[in-house]
Amino acid sequence: MLKVAFLDRDGVINNDLGYVYQIDDFEFAEGSIEALKLLQDNGFSIIVITNQSGIGRGYYSERDYQVLTEWYIQRLVEKGIVVADVYHCPHAPEDNCICRKPKAGLFLQALSRHSVDLSSSLMVGDKLSDIAAANIAGVKQSYLIGEHLNSHLPSYKNLLACVQAHCDGEKILSKEK
Ligand SMILES: [Mg+2]
Ligand SMILES: [Zn+2]
């Protein structure tokens, strides 16, 4: 069974500039490549779970989305990072689909295709809707990153800080056993 790091894309892997669909606008967030490497080195498979309502809103096409996806996946491969899978919701909010986070549809798609050990898996997102969807899907541990002063959830500056803390915690737990 896979230990999976489910990751939101915009605001987690890349800077969220709003409806990013062009290669020129895709900036890896500070420390995110290092964080992905660290996840991989700690035995996580990486699965990206992303709302892309820009498609449903007509801001960009499914094809634009796929071109950008292939581009950043390839940049990561060049850094030695393998992304196991990517799931996206192309719908606009008013479509009332079952996959747009905070609904769990994208996670359920991932769980139907991969044998995932939810108890050792985690989710990192920059919005409460990311966390809500992961909770419904049964992902054991979720982290919010960015500025969320009102939240009671564990919150970190960015993906790297979050992954470092999580992996340190795992090491302490395994030593106690
Ligand atoms: Mg986001
Ligand atoms: Zn959807």
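## The zinc site

Select the zinc ion (ligand 2): its protein donors are C89 (SG), H91 (ND1), C97 (SG) and C99 (SG), at 2.0 to 2.3 Å from it. Donors here are N, O and S atoms within 2.8 Å of the metal (3.2 Å for Na, K and Ca); water is not among the atoms, so sites may look incomplete. The model is predicted: local features need pLDDT of at least 70 and side-chain atom pairs count only at pLDDT 80 or more, while totals for chains, interfaces and linings use all residues. Residues are numbered from 1 along each chain as its sequence is written, chains are lettered from A and ligands numbered from 1 in the order in which they are written, and side-chain values use heavy atoms, with hydrogens and water left out.

The site of the zinc ion (ligand 2) is tetrahedral, with angles of 99 to 117° among its four donor atoms; four donors count as tetrahedral if all angles lie between 85 and 135 degrees. Along the sequence, the spacing of its donor residues is C-x1-H-x5-C-x1-C. C89 lies in strand β3 (residues 83-89) and C99 in the loop between β3 and α4 (105-113), so this pair ties together parts that are ten residues apart in sequence. Helices (H or I, at least four residues) and strands (E, at least two) are DSSP runs, numbered from the N terminus.

Are C89 and C99 buried or exposed? C89 is buried, at a relative accessible area of 0%, and C99 is buried too, at 7%. Buried means under 20% relative accessible area, exposed over 50%, and partly exposed in between (1.4 Å probe, protein chains only).

## Helix α4

Next, select α4, where the buried residues are G105, L106, F107 and A110. They pack against β1 (4-7), β2 (45-51), β3, β4 (122-125) and α5 (128-137), a contact being heavy atoms within 4.5 Å.

## The magnesium site

Now go to the magnesium ion (ligand 1), which is coordinated by D8 (OD), D10 (O) and D126 (OD) at 2.1 to 2.2 Å. The spacing of these donors along the chain is D-x1-D-x115-D. D10, in the loop between β1 and α1 (32-41), and D126, in the loop between β4 and α5, link distant parts of the chain, 116 residues apart. Both are buried: D10 has a relative accessible area of 12% and D126 one of 15%.

## The nonpolar cores

Select L7, L36, L39, V124 and L159: of the 27 residues in the largest nonpolar core, these touch the most other members. Such a core is a set of buried Ala, Val, Leu, Ile, Met, Phe, Trp, Tyr and Cys residues joined through side-chain atoms within 4.5 Å. Elements that give two or more residues to this core include β5 (141-145) and α6 (159-176), and α6 gives the most, with five residues. Leaving out residues up to four places away in sequence, L7 touches, among others, I13, L36, I47 and M123. Another core, of 18 residues, lies apart from the largest one; among its members are Y87, C97, A110 and M123.

## The whole chain

Finally, zoom out. The protein has six helices and six strands, in the order β-α-β-α-α-β-α-β-α-β-β-α along the sequence. Buried residues make up 45% of its 177 residues. Its C-alpha atoms fill a box of roughly 50 × 35 × 35 Å, taken along the principal axes.

Terms used. Four donors count as tetrahedral if all angles lie between 85 and 135 degrees; four count as square planar and six as octahedral if opposite donors are over 155 degrees apart and all others between 65 and 115; anything else is irregular.
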